[in-house]
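Here are some notes to read alongside the structure. Please keep the model open as you go through the points.

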Amino acid sequence: QVFSQHTGCQVFATNDADAAGVAEMRYGVGRGEEGLVFLITIGTGLGSALFYKGMLVPNTELGHLMWRNGKSAELYASSGARERLKISRKDWADRFNEYLLHMERLFSPDLFILGGGESKFFEQYKHQLHTQARVIPAKLLNNAGIIGAAAYASEQ
């Protein structure tokens with residue numbers, strides 16, 4: 001409301017992972033998916049966006065899920081964790097698979113879409129991801145956030 005009053009324009013807000021998820025569901029690999037779709041952005045942290053029948057369940061923030069030793073999952077399974085711990089992408093992929101399996105136990109998604117910087121290397125680690133749900137890389141890459149933010153605003 002503050003921004004709208006000061007600019008004279010309608011302003012809407014959403015988080016980065018939700019925006020990327022909206023883009024992938026409207027214009028990317030999630031288009032036409034009707035089941036439960038879970039988008040995970042893999043970068044410095046882990047972002048999440050959850051969709052059911054194409055509708056966003058906002059603000060899931062499941063990268064902050066409490067994990068081992070009371071720390072968040074993103075400190076264990078993000079690309080940032082891989083870099084900080086100086087572990088190989090192979091060792092990181094095993095950690096990330098643990099996170100996916102946990103999300104699968106909690107939500108039983110039909111599809112995981114992987115976005116963020118680590119998705120560019122999907123071909124290198126896809127064979128280490130062992131979920132019942134399909135796992136595919138995002139299509140829109142770094143443009144997903146801006147495309148999704150615009151789509152989100154136009155849908156409001």
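**Notes on the pocket, the helix beside it and the cores**

1. Let us begin with the largest pocket: α2 gives the largest share of its lining, three residues. Helices (H or I, at least four residues) and strands (E, at least two) are DSSP runs, numbered from the N terminus. On a 1 Å grid over the protein atoms alone, a pocket is an open set of points where a 1.4 Å probe fits, with protein on both sides within 12 Å along at least five of seven lines, and lining residues have an atom within 4 Å of a point.

2. Before going on, a word on the source: this is a predicted model, in which local features need pLDDT of at least 70 and side-chain atom pairs count only at pLDDT 80 or more, while totals for chains, interfaces and linings use all residues. Residues are numbered from 1 along each chain as its sequence is written, and side-chain values use heavy atoms, with hydrogens and water left out.

3. The volume of the largest pocket is about 170 Å³. Of its 13 lining residues, D16, A17, T41, L46 and G47 are the closest to its centre. α2 (16-27), β1 and β2 each supply at least two residues of the lining.

4. Among the buried ones are A17, A20, V22 and M25. Their cover includes β1, β2, β3 (55-57), β4 and α7 (144-155).

5. A49 counts as buried, at 0% relative accessibility. Leaving out residues up to four places away in sequence, A49 touches A17, D18 and G21, and also V37, F38, L39, L56 and T60; contact means heavy atoms within 4.5 Å.

6. The largest nonpolar core has 24 residues, and I40, F96, Y99 and L114 have the most contacts inside it. Such a core is a set of buried Ala, Val, Leu, Ile, Met, Phe, Trp, Tyr and Cys residues joined through side-chain atoms within 4.5 Å. β1 (36-42), β2 (46-52), α3 (74-77), α5 (89-107), β4 (111-115) and α6 (122-125) each supply at least two of its residues, and α5 gives the most, with six. Another core, of 14 residues, lies apart from it and includes A20, M25, L39 and L111.

7. Which residues does Y99 contact, aside from its neighbours within four places in sequence? They are I40, L46, L62, G63, W67, A73 and A77.

8. Two residues in the loop between β3 and α3 deserve a look: E61 and N69. E61 has a positive phi, near 50°, and is not a glycine; N69, also not a glycine, has a positive phi of about 55°. Most residues other than glycine have a negative phi. N69 is exposed (over 50%), with a relative accessible area of 76%, whereas E61, at 35%, is partly exposed, the class in between.

Terms used. Buried means under 20% relative accessible area, exposed over 50%, partly exposed in between (1.4 Å probe, protein chains only). Grid points are joined across faces, edges and corners, and a volume is the space filled by probe spheres set on the points.
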